[in-house]
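Hi,

Here is the structure I promised to pass on. Have a look at it first, then read my notes below.

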Amino acid sequence: MIYLQLFLMGFGVYATFLWAYNTFLESLLGIVWGTIIGWFRSKPLTEKYGPWAVITGATDGIGKRYAEILASKGMHIVLLSRSEPKLMKVAEEILTKYNVETRWVAVDFSKGPEIYQMIREKIEGLDIGILVNNVGYYPEVRSFDRNTEDEIISTININILSTTMMTRIVLPGMKQRRRGIIVNISSIGCYRPAAFLNMYASAKAFVTNFSLALNHELIGKGVKCQAVVPGMTHTNMIKHLEEDIPWYVGVTTVDSLAKFGIFSLGKTAHTTGGWKHTLQVL
């Protein structure tokens with residue numbers, strides 16, 4: 001009996017360690033080790049990855065803040081979003097404040113496959129070092145059978161198709177240059193089935209798994225892929241829900257999330273973007 005108890009105890013410790021490692025320790029250790037290495041072999045992002053950053057969903061929230069921080073580090077910026085007036089305004093703000101070359105492409109990611117040839121032509125020839133796939137769509141909170149067909153198709157086109165197609169456009173150049181990183185913004189909704197947010201959570205599960213699998217495929221190629229998997233963040237996407245968010249749910253700011261995300265570039269393939277959201281995953 002004593003041997004069985006020892007075996008079960010050992011198995012429990014082993015299982016707990018595997019759970020902790022896969023949940024947060026791997027990412028934490030990667031960030032710690034990457035930070036230590038960075039003290040001795042620090043390079044500017046433009047040298048480490050390349051001079052241009054492309055950001056989708058770039059006129060508000062997370063995407064806009066990523067663009068601003070990357071520009072502050074000397075990267076030239078390509079903004080992709082739907083609203084041309086907003087794109088012009090944000091591009092001018094970044095150019096004025098950070099004095100980097102700034103371009104923009106007005107595009108509606110809900111339209112499907114036909115938009116990507118135009119995007120390919122607009123960014124052709126640029127030495128793209130960072131791609132941030134941030135554009136997202138959050139349908140109405142209701143049961144799947146009550147989601148409209150437009151909501152379903154938009155969820156797929158904006159959350160899934162945009163991530164895969166934008167990655168497909170920039171990846172060959174990154175592999176050829178043997179440098180670059182693709183950042184895919186997901187959601188902690190990907191970790192478990194989410195009733196009444198079925199399409200959104202399922203789409204984000206795709207984004208997370210696609211990112212982690214792609215990162216493994218890219219080992220030894222000089223290119224990386226990172227999944228950023230935050231929880232509730234103060235953006236226009238959830239503004240209408242904020243009054244109903246329970247007090248115990250940690251809501252972070254876009255500034256905090258983007259700063260941590262950029263700090264973690266190249267250090268981990270998987271991050272929630274901050275300690276508040278890591279605790280929610282646990």
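Which residues does Tyr66 touch, not counting residues up to four places away in sequence? They are Val132, Val183, Ile185, Val228, Ala258, Gly261 and Ile262, where a contact means heavy atoms within 4.5 Å.

Before you go on: this is a predicted model, where local features need pLDDT of at least 70 and side-chain atom pairs count only at pLDDT 80 or more, while totals for chains, interfaces and linings use all residues. Residues are numbered from 1 along each chain as its sequence is written, and side-chain values use heavy atoms, with hydrogens and water left out.

The protein has nine helices and seven strands; these are DSSP runs numbered from the N terminus, helices being H or I with at least four residues and strands being E with at least two. Of its 282 residues, 46% are buried, meaning under 20% relative accessible area, with exposed over 50% and partly exposed in between (1.4 Å probe, protein chains only).

Now the inside. Nonpolar side chains tend to be buried together in soluble globular proteins. Here the largest nonpolar core has 30 residues, and Tyr66, Leu70, Ile77, Leu79 and Ile130 have the most contacts inside it. (A core is a set of buried Ala, Val, Leu, Ile, Met, Phe, Trp, Tyr and Cys residues joined through side-chain atoms within 4.5 Å.) Helix H3 gives this core its largest share, six residues. There is also a second, separate core of 27 residues, including Val54 and Val105.

On to charges. I count ten salt bridges, each one a side-chain nitrogen of Lys or Arg within 4 Å of a carboxyl oxygen of Asp or Glu. One of them joins Lys86 to Asp60, with the closest N and O atoms 3.0 Å apart. Lys86 sits in helix H4 and Asp60 in the loop between S1 and H3, so this pair ties together parts that are 26 residues apart in sequence. Lys86 is partly exposed at 38% relative accessibility, and Asp60 is partly exposed at 30%.

Arg65 and Glu68 form another salt bridge, at 2.9 Å between the closest N and O atoms, and both residues are buried. They are three residues apart in helix H3, so about one helical turn separates them. Lys259 and Asp255 meet in a salt bridge too (3.2 Å, N to O). These two are four residues apart in helix H8, again about one helical turn. Through shared partners, salt bridges join Arg65, Glu68, Asp255 and Lys259 into one network.

Cheers
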